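Welcome, and thanks for taking a look at this one. Below is a short briefing to read alongside the sequence and the 3D view.

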Amino acid sequence: MSKIEHNMSLTGDAPVKLSIVQRIASGIGLIGLFILILSIANVDFPNKTLFLSLSLGLIAAGTAVFSADLYLGKHAGIKNDGVWFKSLSGRGFWAWILGIGLTIFYIVLYWMPQYLGLNANAENTGLIALFDPLSKFISGNPASQWFVYGTLYTLAILVFGIKFILKYRNNRYEVLRTFSVMFFQLGFAFLIPEILSRLNQPYFNPANIWPLNYDLFSGYKLNSFFSAGNVGVIMLAFGLISIFVITPILTYKYGKRWYCSWVCGCGGLAETAGDPFRHLSDKSQKSWRLERWLIHTVLVLVTVMSIAVVYSYLGNNASEFWLTKDVFLWGSAGFLTLLFVVIMVFKRKELAKDAQYGAIGFLVVILAIISINYFSGNGNIFFVAAHKLREWYGFLIGAAFSGVIGVGFYPIFGNRVWCRFGCPMAAILGMQQRLFSKFRITTNGGQCISCGNCSTYCEMGIDVRAYAQKGENIVRSSCVGCGICASVCPRGVLKLENDDLDGRINSEEVLLGNDVDLMDLVNQRAK
Amino acid sequence: MDHIVIIGNGIAGITCARHIRKNSDARITVISSESDYFFSRTALMYVYMGHMKWQHLEPYENWFWEKNRIELKKARVQNIDFQEKKLFFSYEESFSYDKLVLATGSNYNKFGWEGENLEGVQGLVSKQDLQLLEDNTQNCKRAVIIGGGLIGVELAEMLRTRNIEVTFLVREEGFWHNVLPIEDAKMISRHIKSHGIDLRHQTELEKINGDENGRVKSITTKDGEEISCQLVGLCAGVSPNIDFLKDSALETDKGILVDEFLQTNIKNVYAIGDCAQLRSTRKKRKPIEAVWYTGRMMGETLAQTLTGKPMPYRPGNWFNSAKFFEIEYQTYGHVAPKTSAEEMHFHWQHKDNTKAITIAFHPETKLFLGINTFGIRMRHKVFDSWLNENRKIDYVLANLKQANFDPEFYRNHEKEIFRSFKENLQQA
């Protein structure tokens, strides 16, 4: 085995060679990137509008020309030749360089924005100053490090979205889905909040739903909503409706993919810029176990934190506002308990033992924290001030996990580390997808040849083949419905579908194509 | 407690082992000299093309075998003493069994061509063949592939990813025309050519020519043309890997002869998968079917017999699949390469040259016999039940949409297919 792979890296010159056009395109893109690097090094460009346009334009043009040359000359179809031979996509030298580079960028962005040119009480310099003209044009304000980040993030989704569309142009599901993430990133995540701030309204991205948007209920956010009058109240109401009405309905009908691979910005970046790294996710059962514990722990953390910040925001006097601290606290405890009871009563059989223990454990922890707080009469809920809790969550989960590890480590761990191990929104949607949704990936009878393309290219680390080769449908909470498994399957075995709840989870011990009597006998006994 | 020994860790042997374990506590040993762990043979090509690494071919993590108490032994069986129920290896050690399952698979065919044993001449069946291919393509500019079958087209695709020029010699007038009807075969031929392959129809190999170092330097066709090359791919079919059993008490023909319980002429010795040859067959099925699915189904069935529920091997409706470069192929039921008094064909082809279907039906009764589908995915379950329910072709075409398995948002062609069927029927 080692011999095969060793040899391949030696002889694999053909699939990894860059054409002349691709080299020139890379050069163009790198010049664009170089302008950004110069500005980080505090080169003060005379005409910032020109140089910013030049930089972003060259990056976009370079990527587009590169992708067009890479894919358009070839037949429409699967384009995975040499993926594991290339240094960048095969965890080689360039993968580490890119990973380290991205990680450093995130660390500087989150904790040392002064190096990007953010100056307290003074004009921007460096990289951030370069983005001032664009920021002023859209929102009327000078740029911040977050505006720079948002612009680059959106640019990445757009240009790599084009690359993705060219790469998967044989597959209309992939093309439409990518247009959708590009639209939501550009419109909802980037432009709408900036334009709102131009109109002196609260910063609000309608597609960023709690608990992914962990700040929605924090004090400063609630203040900004309430001080904005009707518009603010509508925003808050939309945020709540998103959580309690829109999300459950869409997830029931289409699975969590409606959000994770069609709308979400994190998902959008993972599916576009992160696509070349999707095969790097770990498929072992060990990492599946880690995933289940980690993601639900984050969900508990964000729940506790959010309850804490709302609790500390509310008052005690029922005559001022009906929702007092106590009403809210016990209301939350009641809601969570009710949710738990409903799941345990109706869906107990579909939960594995460890999932049941986990659910009980987590509920007990949350209720215990609430009770301890209540009976100790401590205003500081959960032992520390709510704002501290929020700060810590923002630091550990919001920045370190979703940014540094989530994106910085794309070239090493794959493109969906955050979505798989950390995102509390994905945890909620996944729970519903597993238990109460019409979505599944259907396996086509006995046609699977166990080749492993589906599992290899699953960005969520799902061992798709393990199900397909048993003739079993894939119903997994982590599946974001990207559709790539179905696309890379050489035998047409997988199909993403929304269909009846009956027969959604099945397991054929003996596969279609064999003796009908045997199939009946064995499958009956299995039931 | 029985000790069941399985020779061969391919899909047939491993499926059998897994299903034995589901039903019994028997001691199970699987012997293979090819690889440490079960891997998907059908996916060898993807390792060469860089889509996957070797570990991705292995459907089960390494802890699986110990957990399920399936013992793996890496050794090559040289001899079997069926009387004493003992296996012998190349070194001095013997191994006893109570029940023996032979699942030794296939080798690629050599038909006694001159030069077939030169260096740089090889087929592609085993892990070792893949390793050899890596060595043989180190400085390879041009390859010649002999034989237009499924392994041939895979090998062509593999070599093209390394920018190796490929000449492809095919005996028929269209690709795989010994299986595919001519319109289907011709469409695949066009597609193969569009990938820059020098595809030569009705061309056969005369001999392979070597240089002074015993390496291949060219081939000569039966028309006398010499084509220089550094690799020759022998892809003219496979045959059962049973040479080590030839002079034993075991009855063999092309393969190991088995009855409907997959038992050989020797009690407690069974054969499954590519190496087995059924003494009698049903429903137009062939005595030897060297395909993944047959190996798996035989493994599923034999495991029942071995765990006390004797079960004859009665496969259902034929199905198969393949991929020719970009074009996926599925088939359900039987579509003969040529029409006859008992079989008529309805053929539809999309103008983009990558999608087509051919439906076989009985000219008088209009009974639906089978379908070849290219570039359009179809549901196995739906066609399986239509075949069992003896549906007519009109019904199949009117309900074709039910069988569609393409991804969401794909363009549908059912209406166009139905219209084409009606029009052709009126002309006929």
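Chain B falls into three parts: domain 1 (3-107 + 239-306), domain 2 (110-236) and domain 3 (319-427). Please keep in mind as you browse that this is a predicted model.

**Domains 1 and 2 of chain B**

- Between the C-alpha centres of domain 1 of chain B and domain 2 of chain B there are 29 Å.
- Where the two meet, nine residues of domain 1 of chain B are in contact with eleven residues of domain 2 of chain B.
- On the domain 1 side of that contact, helix H2 (44-48) and strand S8 (106-108) of chain B each supply at least two residues.
- H2(B) gives the largest share of this side, with four residues.
- By class, the residues on the domain 1 side are five nonpolar, three polar and one charged.

**The annotated span of chain B**

- An unreviewed UniProt entry places the feature "domain: FAD/NAD(P)-binding" at residues 3-284 of chain B.
- Residues 3-284 of chain B are 21% helix and 29% strand, and the end C-alpha atoms of the span lie 36 Å apart.

**Where chain A meets chain B**

- The contact draws on 51 residues from chain A and 50 residues from chain B.
- On the chain A side, the elements giving two or more residues are helices H1 (2-11), H2 (13-16), H9 (172-198), H21 (453-456) and H24 (516-526), together with strand S2 (494-498).
- H1(A) provides the largest share of the chain A side, six residues.
- The chain A side is made up of 20 nonpolar, 23 polar and eight charged residues.

**Helix H3 of chain A**

- Helix H3 (residues 20-40) of chain A has 21 residues and reaches 30 Å from its first C-alpha to its last, close to the 30 Å expected at 1.5 Å a residue.
- Which residues of H3(A) are buried? They are A:Ala25, A:Ile28, A:Gly29, A:Ile35 and A:Ser39.
- After H3(A) comes A:Asn42, which has a positive phi, near 70°.

Note on methods. Residues numbered from 1 in each chain as written. Chains lettered and ligands numbered in written order. Predicted model: local features only at pLDDT ≥ 70, side-chain atom pairs only at ≥ 80, totals over all residues. Expected span 1.5 Å × (residues − 1). Buried ≥ 20, exposed ≤ 12 C-beta atoms within 10 Å, placed from the backbone. Domains from an automatic or database assignment. Contact = placed C-beta atoms within 7 Å. Nonpolar A, V, L, I, M, F, W, Y, C, P; charged D, E, K, R; others polar. UniProt positions renumbered as here; feature names shortened; annotations may be inferred.
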